[in-house]
Amino acid sequence: MCGRYAASRRPEDLAGIFEIEKWEPEEALAPDYNVAPTKEVYAVLDRPLKDVDEQRPVRQLRKLKWGLVPSWSKTPEGGARMINARAETVHEKPSYKRAFSSRRCIIPADGYYEWVTGTQERDLEVEGKKKRPRKQPYFVLPADGSVFAMAGLYEFWRDKTLPDDHPQAWWVTCSVITTEAETSPLAVSPAEGPHTLAEIHPRMPLMLTADRWDSWLDPSRTDPDGLRELLAPPPPGLMRAYPVSTAVSNVRNNGPELLKELEGPEEGTLF
């Protein structure tokens, strides 16, 4: 799954990486090292601009809320639960299939966090001696330091309780697509702990390699079968993972220190 990630790149840098044609400086987000559901996040999308004669898709960097609210929802409350869409079923689920057909995006990240329950803690849980095992967080990122381009969907939702000119009349929300975690060895793995992503968690965000960006963002591509081909996992061996402080487990903590690599799992969280 993807329940937390880091996004510290400046919009100027993202504009260069993704060949962005339009972004609004006043919508710039501060670097966020502990992005959690319901926060505002950057998304890259291709969409025609309003009030422009030439209605061609324009590559944009937009600010969206993480947690997709389908256009047909009566209320936005369910958005916080719809942060992830499964690659295997995204084309058929009522909440996602319309967005999958025509509103796809890329959600750029440095990498994502995932938590592993330590062996000792799991044993205590099985024995009924500990109800809430302490989990060791890992940071997963491209081994070459490139951007982690997560496949995503976005959707528009109209709050009918507000007038058209109200700034919050329209919500633009997004979801991260996830897939089965890789079982092949990590490009770089910690001395102690997991050596594959599947050993950390059975799911992972679907990372799109650069050769798929244009096809994924192209709104003219609507054929479900063709689009599903783009959801194939990336080549193995591109990722690394390392343990980080359990401070990231508290969403109120935020800063570059959360990305600091530990020499090994923290005490009490041995893998």
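Student: What is the strand order in the open sheet of five strands?
Tutor: The order is β3-β1-β8-β9-β13, with antiparallel pairing; strands here are DSSP runs of E with at least two residues, helices are runs of H or I with at least four, and both are numbered from the N terminus. Two strands count as paired if DSSP finds at least two bridges between them. This is a predicted model, in which local features need pLDDT of at least 70 and side-chain atom pairs count only at pLDDT 80 or more, while totals for chains, interfaces and linings use all residues. Residues are numbered from 1 along each chain as its sequence is written, and side-chain values use heavy atoms, with hydrogens and water left out.

Student: Which strands stand at the edges?
Tutor: Those are β3 (32–35) and β13 (239–243), each of which has a single partner strand, so one side of each is left without a neighbour in the sheet. From one strand to the next the twist averages 30°, where axes are lines fitted to C-alpha atoms, for helices over the stretch in contact, and angles run from 0 to 180 degrees between N-to-C directions.

Student: And how many bridges join β1 to β8?
Tutor: Strand β1 (residues 5–7) and strand β8 (residues 111–117) run antiparallel and are joined by two bridges, and Tyr 5 has Tyr 112 as its bridge partner in β8.

Student: Moving to α1, which of its residues are buried?
Tutor: Pro 11, Leu 14, Ala 15 and Phe 18 are the buried residues of α1, where buried means under 20% relative accessible area, exposed means over 50% and partly exposed lies in between (1.4 Å probe, protein chains only). They cover an arc of only 105° around the axis, which puts them on the same side of α1; that arc is taken from the directions from the helix axis to the C-beta atoms.

Student: What covers them?
Tutor: The cover on the buried residues of α1 includes β2, β4, β5, β7 (104–109), β10 (148–158) and α4 (213–217), with contact meaning heavy atoms within 4.5 Å. Just after α1, Glu 19 takes a positive phi of about 55°.

Student: New topic: how many salt bridges does the count come to?
Tutor: The count comes to 12 salt bridges, each defined as a side-chain nitrogen of Lys or Arg within 4 Å of a carboxyl oxygen of Asp or Glu. One of them pairs Glu 21 with Arg 56 at 2.8 Å, N to O. Glu 21 lies in the loop between α1 (11–18) and β2 (22–23) and Arg 56 in the loop between β4 (40–47) and β5 (58–66), so this pair ties together parts that are 35 residues apart in sequence. Glu 21 is partly exposed at 46% relative accessibility, and Arg 56 is partly exposed at 34%.

Student: What about Asp 46 and Arg 59, buried or exposed?
Tutor: Asp 46 counts as buried at 11% relative accessibility, and Arg 59 is buried too, with a relative accessible area of 9%. Salt bridges that share partners join Asp 46, Arg 59 and Asp 214 into one network. The side chains of Asp 46 and Arg 59 themselves meet at 2.6 Å, N to O.

Student: How many disulfides does a search of the whole structure find?
Tutor: The search finds zero disulfides, a disulfide being a pair of cysteine sulfur atoms within 2.5 Å.
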